[in-house]
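Dear colleague,

I am handing over the structure below, followed by an account of what was found in it.

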Amino acid sequence: MEQLQETPHGDGNLKAAPDPGHGGGNGGCIAPNGTLPCGWLGRLSRELHWSFVLAVVAVYGACQGVGSSFGSVAAGYYWKDVQRVQPAASQFYQGVVNVPWVVKPLWGLFTDVVPVAGYRRRPYLLLAGVMGVSSMLTLALRRTPAIAPALVAFTTQAAGAAIADVVVDAMVAQNSISHPPLAADMQSMCGYCSSAGALVGYSISGLVVHAIGSQGALGLLSIPSVLVFSAGILVKEERAKDFEYNQVHKKFYEAVESMWSTLKCPQVWRPCVYMFLMFVLSPDIQGGLFYWYTDSSTGLAFSEGFIGLIYSIGSVGSLLGVLLYQNMLKDYPFRGLLLWGQLLACLSGMIDLVLVTRLNLRIGMADYLFAVMDNSVSQLIGQLKWLPLLVLCSKLCPVGIEGTFFALLMSIQNLGLLMSAWWGGLLLHALGVSRTEFGNLWVAVLARNAMRLLPLAFLFLVPRSDQSSTILPAEMLLADGGSAGHVEPGSSGVIEFSVLHGNENGEVVETEEEELELTPLMEKI
């Protein structure tokens, strides 16, 4: 499932935590100030509320971490063994399932501007839990549902996960603004929960699929949704009073207008175009490789348990990528990092080519060892490409709509991933790769690797600045009539959408002295 790529978390300001320019210096899976997780988890429980920590663990750890990793293996076997579809069709269907992640800003707008019974977070967590439980139990309890009902069930579960993700993103953003010293702690907690959950999910996925089948394993995916539902019941939230529902349409319009004004800025749309092209121009052929890994006649005949082991060890490679980025690469310019990341992705893809052509056997390296190494290296390099993009996205978010605009940027990337999966499926179909025929799989791997070089032609769209510099124009970083994004503790924490206004001389109105300090940063770009 491609939403695994989105396990880094949702608010633009928060992803600046690894950025020295924002004072945090902690991100991903590094505990702030070198403390152990139990220390800063306790601190967050005391300073904020234990129910907030529960919500993060339920959504990032259980739903996105365990659920997404466990579900990706179970879904792969489901389409292959239960529905018995071709690899190209499997990729197409799993692309459809990820559509709710493409429309993620829509969920963000609803949670921000449409409270239910006075609450902006709790009802949507409850809804997400119900959607996840009902869809997965329906899929598991029906003997062999047709493809259309199965797609509806998978898509409903994905929509529930996306809604829960947006809600917790908003909670993290709200707490980061009202409690700035805790921003790095919350980032690290999210990173630990997501990474640890993925490691657990991949470790047990193959064994569970082997023991109870893919449908039974999918039924177990209702457990993370139960935890999300429980978090919705227990989370602490102040009730909004006297909300004017007749003004909802106006708030939607203001939000859309503000996002469109930001997207028209060259400093924003140029990196967005590059991010989209980077994913689209790299066709995803993982469906064909998965079928080849598990085929018992002409493939590698890997068992369910070993498939889970490959992915679990690969998630360790992903963690190493986070550590490498955090300790060595976070101060380098965006353009240089993305250049080398794309080149390394192309080179690492050649490992697949060696495995598919069985050249590894000629050098005396067994298939299972080579497959583990292949997945680990790919995951590590994937993180080195992904993390700079997250930091870049965080710097493209204007004050007032950080969470929703960051969700929009993630949706652009998810749309690229969706089209990459469909484009990869067409490539597999054109080359005649099927459930039992893999003669041209090496051609698909070679074509994919060659196409990974194409985004380099558009690298000029990425700013030259380093990761500690400001990218947006100064006026976009100033909230209307006050300091940027400040929310007093104890306030409702609802971020109003605002569009910057100027006087007849083109000057920013009511700019405070602290805000004017952003101007020298712009000269570094």
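What percentage of the 525 residues in the protein chain do buried residues make up? The share is 56%, where buried means under 20% relative accessible area, exposed means over 50%, and partly exposed lies in between (1.4 Å probe, protein chains only).

Before the details, two remarks on conventions. This is a predicted model, in which local features need pLDDT of at least 70 and side-chain atom pairs count only at pLDDT 80 or more, whereas totals for chains, interfaces and linings use all residues. Residues are numbered from 1 along each chain as its sequence is written, and side-chain values use heavy atoms, with hydrogens and water left out.

Overall picture

The protein chain has 20 helices and 0 strands, these being DSSP runs numbered from the N terminus (H or I with at least four residues for helices, E with at least two for strands). Of the contacts in the chain with a separation of 6 or more, 84% are between residues 24 or more positions apart, a contact meaning heavy atoms within 4.5 Å. The accessible surface of the chain is about 21,500 Å², and carbon and sulfur atoms account for 64% of that area; accessible areas come from the Shrake-Rupley method with a 1.4 Å probe, and for residues only the protein chains shown count as cover.

Helix H6

Helix H6 covers residues 122-141, and its 20 residues should span 28 Å at 1.5 Å a residue, which agrees with the 29 Å between its end C-alpha atoms; the expected span is 1.5 Å times one less than the number of residues. The buried residues in H6 include Pro123, Leu125, Ala128, Gly132, Ser135 and Leu139. As background, an α-helix has 3.6 residues a turn, so residues three or four places apart point the same way.

Salt bridges

A search of the whole structure finds 4 salt bridges, each defined as a side-chain nitrogen of Lys or Arg within 4 Å of a carboxyl oxygen of Asp or Glu. In one of them, the side chains of aspartate 165 and lysine 104 meet with an N to O distance of 2.4 Å. This pair links distant parts of the chain, with aspartate 165 in helix H7 (residues 147-178) and lysine 104 in helix H5 (residues 104-113), 61 residues apart. Aspartate 165 and lysine 104 are both buried.

Arginine 448 also forms a salt bridge, with aspartate 352, and their closest N and O atoms are 2.9 Å apart. Because arginine 448 lies in helix H18 (residues 441-451) and aspartate 352 in helix H14 (residues 334-356), this pair ties together parts that are 96 residues apart in sequence. Both arginine 448 and aspartate 352 are buried.

A further salt bridge joins aspartate 367 and arginine 358 at 2.3 Å, N to O. Aspartate 367 is buried, with a relative accessible area of 14%, whereas arginine 358 is partly exposed at 27%. Arginine 358 is found in the loop between H14 and helix H15 (359-362), and has a positive phi of about 65 degrees although it is not a glycine.

Arginine 84 likewise has a positive phi, of about 55 degrees, and is not a glycine. Arginine 84 sits in the loop between H2 and helix H3 (87-97) and counts as exposed, because its relative accessibility is 55%. For context, most residues other than glycine have a negative phi.

Aromatic pairs

The search of the whole structure also finds 13 aromatic pairs. Rings of Phe, Tyr and Trp (its six-membered ring) pair if their centres lie within 6.5 Å, and planes under 30 degrees apart count as stacked, over 60 as edge-to-face and the rest as tilted. Tyrosine 77 and phenylalanine 290 form an edge-to-face pair, at 5.1 Å centre to centre with 80 degrees between the planes. Tyrosine 77 lies in helix H2 (residues 50-82) and phenylalanine 290 in helix H12 (residues 286-294), so this pair ties together parts that are 213 residues apart in sequence. Tyrosine 77 and phenylalanine 290 are both buried. The rings of phenylalanine 290 and tyrosine 291 are also edge-to-face, because their planes are at 70 degrees, with the centres 6.4 Å apart. Elsewhere, ring pairs link Tyr78, Trp79, Phe92, Tyr93, Phe154 and Trp422 into a cluster.
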